[in-house]
Amino acid sequence: MKPKRVLITGAAGFLGSHLCDRFMAEDYEVIAMDNLITGNIENIEHLLPLPNFTFHHQDITNYVHVSGDLDYILHFASPASPVDYLKIPIQTLKVGSLGTHNLLGLAKHKNARMLIASTSEIYGDPLMHPQTEDYWGNVDPVGPRGVYDESKRFQEALTMAYHNFHGVETRIARIFNTYGPRMRLNDGRVFPAFIGQALRGENLTVFGNGKQTRSFCYIDDLVNGIHKLLMSDYSEPVNLGNPEEITILNFANEVLSLTKGKNKIIHKELPQNDPKKRKPDISRAEKILGWSPKVSRKEGLEKTLDYFNSLPENKLFKREH
Ligand code: NAD
Ligand code: UDP
């Protein structure tokens with residue numbers, strides 16, 4: 001029997017590379033696409049020699065061509081870290097709009113089912129807590145984070161329009177903060193930032209008073225959720241995340257106690273529009289997909305720490321920002 005074919009965009013990034021692993025392990029033919037703007041080819045280097053894996057170095061905001069049949073498209077291409085998308089705001093808006101349009105056109109042409117990586121950021125600085133999928137959000141369109149939030153909101157709207165107007169089979173995953181191996185140590189997100197600082201013996205930089213909260217989901221749980229959503233027949237948005245909420249200050253202390261470092265916590269200015277609270281209501285995912293996260297933050301943190309500890313020293317100390 002011919003293997004099913006899946007196109008994964010953003011394949012050399014953190015989430016995309018783990019999805020490549022999952023679909024390769026399930027004997028799919030994986031067509032990976034990435035322009036490497038924030039990703040790293042090393043994340044999928046182990047897959048490159050395999051016969052069922054092909055890599056296309058392509059910017060998906062340009063016309064996307066894939067020969068042959070396609071069963072699924074997983075659209076994960078987009079800068080995701082605030083540090084990244086503030087540096088490349090126009091590319092961020094283009095990948096969510098033009099890039100998504102190209103892929104929806106491809107899905108329509110190939111009769112493929114397409115899942116988009118949306119985000120908790122579409123809720124902005126939420127006035128509802130925890131956030132359910134029915135909440136419309138509190139986003140400043142012209143604030144610094146607007147380039148990401150509005151790109152993702154437009155992505156959802158376009159996807160729903162292709163579903164309703166053209167009958168394309170679509171799935172919308174609203175992903176909350178996810179962490180794990182292959183995050184870039186210097187991508188600016190709090191998880192790799194604190195771990196990197198702890199391992200280098202530097203002070204941990206808590207932005208603001210650290211009372212803002214996040215809820216962190218381990219990568220393996222997220223990949224399971226994405227897989228279940230893709231295989232479901234549900235086309236409304238679904239929150240995927242771990243509802244275990246923690247303040248950033250407590251998280252910094254957790255990292256310090258695990259790494260047994262003598263480092264201090266220092267405070268830096270809170271970035272503009274930084275959401276004060278974030279926690280997913282995952283009742284919908286539980287009910288419709290039978291999914292909930294299984295990996296505790298302690299276990300996930302230890303696994304992630306092991307990964308960063310295994311990196312060669314020059315990577316640990318390499319800095320881009
Ligand atoms: P990442 O930066 O590690 O990966 C994104 C990948 O997309 C990179 O490899 C990058 O090179 C690629 N890319 C960006 N623009 C592209 C373009 N125009 N053409 C082709 N490739 C392009 O980020 P990530 O954490 O893996 O996030 C992946 C997706 O999941 C993003 O869409 C992000 O918005 C979404 N998401 C992630 C999280 C999270 O916590 N990691 C949370 C919510 C949503
Ligand atoms: N943060 C921090 N120190 C850092 C990096 C981030 O205190 O070195 C804070 C940031 O202000 C935010 C939270 O950690 O409140 C999560 O930030 P991240 O960039 O990981 O993602 P966000 O959830 O804001 O998109």
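A residue counts as near a molecule or strand if its C-beta atom, placed from the backbone, lies within 6 Å of it. By that test, 28 residues surround ligand 1. The model is predicted: local features need pLDDT of at least 70 and side-chain atom pairs pLDDT 80 or more, while totals for chains, interfaces and linings use all residues. Residues are numbered from 1 along each chain as its sequence is written, and chains are lettered from A and ligands numbered from 1 in the order written.

**Ligand shell**
- Helix H1 (14–25), helix H3 (89–110) and strand E5 (113–119) each supply at least two shell residues; helices (H or I, at least four residues) and strands (E, at least two) are DSSP runs, numbered from the N terminus.
- H1 gives the most, with three residues.

**Sheet**
- Seven strands form an open sheet in the order E3-E2-E1-E4-E5-E6-E11, with parallel pairing; two strands pair if DSSP finds at least two bridges between them.
- Strand E3 (53–57) and strand E11 (237–240) are the edges, each pairing on one side only.
- The twist averages 20 degrees from one strand to the next; axes are lines fitted to C-alpha atoms, for helices over the stretch in contact, and angles run from 0 to 180 degrees between N-to-C directions.
- Strand E6 (residues 170–175) and E11 pair over four bridges.

**Helix packing**
- H1 packs on the sheet and touches E1, E2, E3, E4 and E5; contact means C-beta atoms, placed from the backbone, within 7 Å.
- The direction of H1 makes about 170 degrees with that of E2.
- Helix H4 (residues 146–166) packs on the sheet, touching E5, E6 and E11.

Conventions
Contact = placed C-beta atoms within 7 Å.
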